[in-house]
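This briefing is arranged by topic for use alongside the sequence and coordinates. Please read each group of points with the structure in view.

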Amino acid sequence: MGKKSEIIRILKENRNYRNLLLTTTISGLATWGAFIAMLMLLSEITETGVQLGALWALSGIVPLFMSFGLGGIIDRFHTRNVLIVSEWVRAPLHALFILVPFFDGWLAWTLFFIVRFVIGVFNSLNAVARQTIIPEIIKGDDLIVANSLNFTLTSTIRLIGAATGGTFITLIDPNYFWVLASIAFVISAMLISRIQVKDEKLKPKDRHFIKELKVGFKIAKNKVFIRYVLLFALTGGLIIGSFNLMLQQMAVITYDMPAIGLSLLYIAEGATSVALGIWIANRKFMFAKIHTYGWIYILMGATWALFGFTQTIYQGIFVIFLFAAVGGFVVPFERMVMQTHVEANARGRIFGLWNTCSMLSINIGALITGIVIDYIGLAYVPLIVAIFEIILGIVFFVQFKGRTTDEAKKLGEVG
């Protein structure tokens, strides 16, 4: 069988994974549309930038700190059932946004905050569960294909969402959109119910929830690969946190191409990620020498640092292409580590801890970006946030230099 048939083969052979990808597409597009629609709704009920920024940040950031605890919930119950419940709950919650414009001032803000906060909790629960369920329906080397294909799909959804989300929302009445989004989550829940998963987890009566939450920290302490993945979630999150703000600022200030420049930069990143994800999935590609991923992290930081010093849109597109081409190898590797180095009944906590580290760091990265722009200069933002990624990549490279993936696994389980 040719290498180019790997994606077709896994989709043809695994009905469960086909259903998972389909529900990820439907749910992802609805979530992207809702993200844009919430921004538009928020601009209607607030009068100042401070009100807008504070309400958006508080309603969106707080649920991120709950991801680790949510991972414990996933480990405690059947992953498929967690996904189904999260989709069914998100459906009526999005419909509640229809009521927000009927109120004024604090009442509107309070309703918006409560609804978005609860949605954020279930979004985090859903995201962690989707990563946890993959090794429950995909086995062996096919995890490389599945993780790469997942990365490709989410990149495609992000690309479509960034390009068409705003236009779609403006073409239809917002109330109709909230109804459509709710229907999409219901359809997604029905598709998930068709996925067959063998439950290998301990039953709730056999477990103590609070004590089991500590297991995630113990795993991170005892398994060096998991520690590195969590640390890279922190350093990489700083880069991601600066990404959107930097693309917008560079397009407006440096390139003097506000709309078209921003779109071109997003397209360069998204299209590259999609193409690379397909390539990795088709070839089940993993670097034989584990230290190579140290180089990947170093180059990821270096290319992002270089972006701040570009002067034209053509230079910016080229550097973003390099950044995406390097970063595309990171996601399948990190997912593979968390899926294969952690037992089935503890994966939720590790993915939840990773999500907490990543999202917390992303918000810190955005804060750093604003401070650096004001006090040091736009060009130095990528350099400052990328330096931690580069340093950690060097440490990773030195520790695992010359070792194969299998050798590094034996060395790195405890350390």
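Predicted model: local features only at pLDDT ≥ 70, side-chain atom pairs only at ≥ 80, totals over all residues.

Helix 15, spanning residues 347-375, contributes the largest share of the nonpolar patch, namely three residues.

**Nonpolar surface patch**

**The chain as a whole**

- The protein chain contains 17 helices and zero strands.
- Of the 415 residues in the protein chain, 53% are buried.
- The accessible surface of the protein chain amounts to about 18,800 Å²; carbon and sulfur atoms account for 70% of that surface.
- Among contacts in the protein chain with a separation of 6 or more, 85% are between residues 24 or more positions apart.

**Salt bridges**

- Side chains of opposite charge can pair when their charged atoms come close.
- The structure holds three salt bridges.
- One of them joins Arg9 to Glu13, with 3.1 Å between the closest N and O atoms.
- Both Arg9 and Glu13 belong to helix 1 (residues 6-13), where they are four residues apart, about one turn of the helix.
- Arg9 has a relative accessibility of 14% and so counts as buried, whereas Glu13, at 57%, counts as exposed.
- Arg90 and Glu87 form a salt bridge through their side chains, at 2.4 Å from N to O.
- Because Arg90 and Glu87 are three residues apart in helix 5, about one helical turn separates them.
- Arg90 is buried, at a relative accessible area of 3%; Glu87 also counts as buried, at 0% relative accessibility.
- A salt bridge also links the side chains of Arg130 and Glu87, at 2.9 Å from N to O.
- Arg130 is in helix 6 (residues 105-137) and Glu87 is in helix 5, so this pair ties together parts that lie 43 residues apart in sequence.
- With a relative accessible area of 9%, Arg130 is buried.
- Through shared partners, the salt bridges join Glu87, Arg90 and Arg130 into one network.

- His94 is located in helix 5, which covers residues 79-95.
- The relative accessibility of His94 is 2%, so this residue counts as buried.
- Apart from neighbours within four places in sequence, the contacts of His94 are Ala34, Ile119, Trp178, Ser182 and Phe185.

**Aromatic rings**

- A pair of aromatic rings is described by the distance of the centres and the angle of the planes.
- Phe232 and Tyr297 form a stacked pair, with 3.5 Å from centre to centre and 5 degrees between the planes.
- Phe232 is in helix 10 (residues 224-254) and Tyr297 is in helix 12 (residues 292-307), so this pair ties together parts that are 65 residues apart in sequence.
- Phe232 and Tyr297 are both buried.
- One aromatic cluster is formed by Phe225, Tyr228, Phe232, Trp279, Phe285, Phe287, Tyr293, Tyr297, Phe329, Phe333, Phe396 and Phe400.

**Charge over a ring**

- Arg335 places its charged end over the ring of Trp354, at 4.6 Å from the centre of that ring.

Key. Residues numbered from 1 in each chain as written. Heavy atoms only, no water. Helix = DSSP H or I, 4+ residues; strand = E, 2+ residues; numbered from the N terminus. Phe/Tyr/Trp six-rings, centres within 6.5 Å; stacked < 30°, edge-to-face > 60°. Buried < 20%, exposed > 50% of the residue type's maximum accessible area, 1.4 Å probe, protein only. Lys NZ or Arg CZ within 6 Å of the ring centre and 35° of its normal. Contact = heavy atoms within 4.5 Å. Areas by Shrake-Rupley, 256 points an atom, 1.4 Å probe, with all protein chains shown as cover. Salt bridge = Lys/Arg side-chain N within 4 Å of Asp/Glu carboxyl O.
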